[in-house]
Amino acid sequence: MTREKTEKHEFQAEVRRLMDIVINSLYTDKEIFIRELVSNASDALEKLRYIQLTEKEIYDEALPLEIEISTSSEDNTITFTDYGVGMSRKDLVENLGTIARSGSRSFLDAMEKSGTEGGDLIGQFGVGFYSSFMVADSVEVATRGYRRNSEHLIWRSGGDGVFEITKGKGHRRGTKVVVSLRQDAREYSDPEVIGDILRKYSAFVPFPLKLNGEQINTTEAVWLRNRSEITDQEYGGFYRFQTNSFDEPRHRLHFSSEAPIDMNVLLFVPEDNMERLGFGRMDPGVSLYSRRVLIDASPKNLLPEWARFLKGVVDSADIPLNISRETMQDSSLVRKLNSAITKRFIKFLEQNSADDPKSYGDFYGRFGLFIKEGVASDFEHKEQLRGLLRFSSSRKGEEELVSFEDYLSGMRKGQEEIYYLFGSARDTLSNGPHMEFFRSEDIEVLFIYEPIDEFVMSTLGEYKEKKIVSADSVDVGVADKDPESSSERPSEEEKSLCGWMKEVLGERVGDVRMSRRLVESPAAAFNSDSTMTQGMKRIMRNISAGADMRSVVRLEINGDHALIKNLASMREKDTEFAAIIVEQLFDNALLAAGYMENPGSMVGRINKLLERLSSG
């Protein structure tokens with residue numbers, strides 16, 4: 001019996017260096033070799049599928065286009081078989097992973113020019129096959145091309161810089177890769193381990209993928225199908241598969257685009273916000289694929305941080321990857337994906353808010369916090385996002401929300417400011433002293449309740465050239481009547497009363513003035529710090545305990561109120577008791593405005609007042 005001649009080849013020095021980089025430096029997770037070999041097999045089948053359209057003479061024509069994987073714990077091996085195009089002798093020498101000759105030299109030249117270890121370049125040279133040597137003692141490739149006169153060939157290497165090629169017998173069309181595992185990689189001969197990895201990375205390859213005879217990829221890549229052909233049930237089933245959940249998606253957005261970047265996108269909005277329900281901060285939920293192969297299950301830069309509530313898939317064939325497929329190659333392409341998808345999703349929400357305000361209001365009630373976060377942090381999309389904000393309004397019912405556009409359409413003639421008021425509850429704000437002037441003049445005020453709302457208002461500053469102002473600010477423009485009007489000028493007695501009250505309160509108050517906007521209340525506290533609201537100061541105090549966040553408050557008093565008139569009279573008769581009343585009046589104003597830090601401090605003074613009153 002004649003022994004088949006064995007050809008031995010020695011890799012060039014730069015190839016050995018390249019293999020060392022591939023095996024030891026580029027991959028952070030050894031299991032990635034399974035994804036790479038499955039992807040190579042899928043590519044080989046795809047090539048054959050196109051060849052079948054133009055050529056009739058194909059060897060083993062009846063073979064199914066599928067990928068078979070088998071494991072053997074006894075032999076400590078894992079085998080990958082495809083019935084694709086196969087490889088010729090030249091392919092084995094020059095193109096197996098495209099690193100044996102020109103590819104490796106080009107890669108190393110580019111790497112040296114860039115001064116990197118290859119993270120920005122290596123993806124251009126397709127060397128994923130060699131990731132198998134991270135876990136292998138040796139790798140054997142048996143192959144036969146699709147042409148009828150193709151050779152049966154076997155390629156072997158121990159990853160030591162040498163490979164050999166011999167003729168084989170009886171191999172079917174395609175390629176079989178046998179990975180003999182190292183002792184420290186025996187886990188990859190366990191079918192349960194391999195099944196989990198295949199379902200993680202390769203669940204959507206376009207050909208049947210079988211593990212020890214059982215098909216793994218039973219769920220279709222819905223995002224690549226025509227929208228008109230997909231039923232709601234199919235969308236719902238894919239959503240539940242993708243998210244491991246049992247609910248139905250609230251919204252879905254499915255689109256494809258070829259410019260500025262090729263992408264197929266399927267996004268879902270869940271039924272509810274898990275952060276709102278107390279389950280902690282969510283991780284990004286949109287997976288990134290390239291031609292059906294998972295690149296990253298939760299990429300952090302694919303979408304803005306505020307969009308982390310979204311679930312789904314983005315598949316782009318344009319993304320150049322590094323060898324491990326673990327990071328995107330060109331950050332500018334990632335930015336294009338981010339920008340294009342985010343703008344499309346915001347437009348979707350804009351359309352939903354216009355077509356079905358009730359549905360959008362329900363969405364906003366659950367997910368509005370993310371929109372606010374985006375306004376405060378996403379400078380690229382801030383202008384679009386601010387139109388999606390919704391607020392309670394002094395003119396509307398408790399359940400009805402308004403936008404900035406709604407507010408502008410209801411502004412009175414000459415009004416140059418948008419007013420808002422922060423507090424814990426609607427009733428407190430509606431009936432508080434800060435609303436008296438606005439109620440009397442029928443001026444709309446937006447009510448906000450969350451600390452982030454104040455931050456959002458401060459961040460925006462204005463909307464369509466209308467300044468956004470807190471209604472508790474001393475700088476409220478529309479509330480200032482003509483100061484030169486004789487009817488509005490304080491009298492000498494009023495000036496004297498204000499000066500005395502300022503003296504009593506000392507550093508606790510920035511100023512005391514007769515009010516131009518109080519109607520029913522005897523006094524009210526207003527924020528006179530033009531740089532920061534009182535709510536923002538509370539936030540800053542919580543963030544930094546040592547920060548100097550002392551309140552700058554103006555006390556305004558209503559000269560027409562009986563209490564203020566009585567106080568002016570009592571000041572002359574019983575200055576000490578009148579001073580106690582001033583202290584209490586000021587604390588009442590702070591409490592009504594939501595500025596009071598420690599309400600318990602009033603108890604002793606209230607008891608004194610009660611004692612005095614009860615004495616007759």
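**Notebook: sheets, a helix pair and cores**

I began with a sheet in this predicted model: 5 strands form an open sheet with mixed pairing, ordered β15-β17-β16-β19-β18. Its edge strands, each pairing on one side only, are β15 (392–393) and β18 (462–463). I took helices (H or I, at least four residues) and strands (E, at least two) as DSSP runs, numbered from the N terminus. Two strands count as paired if DSSP finds at least two bridges between them.

Ground rules. Residues are numbered from 1 along each chain as its sequence is written. The model being predicted, local features need pLDDT of at least 70 and side-chain atom pairs count only at pLDDT 80 or more, while totals for chains, interfaces and linings use all residues; side-chain values use heavy atoms, with hydrogens and water left out.

**Entry 1**

I looked up how β15 is held. It is joined to β17 (residues 446–448) by 2 bridges, and the two strands run antiparallel. Ser393 has Leu446 in β17 as its bridge partner.

I then followed Leu446. Leaving aside neighbours within four places in sequence, Leu446 is in contact (heavy atoms within 4.5 Å) with residues including Phe391, Val402, Phe404, Tyr420 and Met457.

**Entry 2: cores**

Which residues have the most contacts inside the largest nonpolar core? They are Phe309, Leu310, Ile341, Leu389, Phe404, Phe438 and Leu446, in a core of 62 residues. Helix α8 gives the most to this core, with 7 residues. Another core lies apart from it, with 61 residues, among them Ile69, Val135, Ile216 and Leu266. A nonpolar core here is a set of buried Ala, Val, Leu, Ile, Met, Phe, Trp, Tyr and Cys residues joined through side-chain atoms within 4.5 Å. Buried means under 20% relative accessible area, exposed over 50%, and partly exposed in between (1.4 Å probe, protein chains only).

**Entry 3: α8 against α13**

I checked the packing of α8 (residues 357–377) on α13 (residues 451–460). Their axes come within 9 Å and cross at roughly 35 degrees. Axes are lines fitted to C-alpha atoms, for helices over the stretch in contact, and angles run from 0 to 180 degrees between N-to-C directions. The contact uses Leu369, Lys372, Glu373, Val375 and Ala376 of α8, and Ile452, Asp453, Phe455, Val456, Thr459 and Leu460 of α13.

**Entry 4: β22**

Is β22 (residues 553–557) mostly covered or uncovered? I found it mostly covered, with 5 of its 5 residues buried. Val553, Leu555 and Ile557 are buried on one side, and Arg554 and Glu556 on the other.

Next, its partners. β20 (residues 511–514) pairs with β22 in the parallel sense over 4 bridges, and Arg513 has Glu556 as its bridge partner. β21 (residues 523–527) pairs with β22 in the antiparallel sense over 5 bridges, with Ala525 opposite Leu555.

**Entry 5: another open sheet**

I also looked at an open sheet of 5 strands with mixed pairing, in the order β10-β11-β14-β12-β13. β10 (251–257) and β13 (293–296) are its edge strands. The twist averages 20 degrees from one strand to the next. Inside this sheet, β12 (residues 285–290) and β14 (residues 311–315) pair in the parallel sense over 5 bridges, and Ser287 has Val313 in β14 as its bridge partner.

**Entry 6: whole chain**

I noted 18 helices and 22 strands in the chain. Of its 616 residues, 49% count as buried. Among contacts with a separation of 6 or more, 70% join residues 24 or more positions apart.
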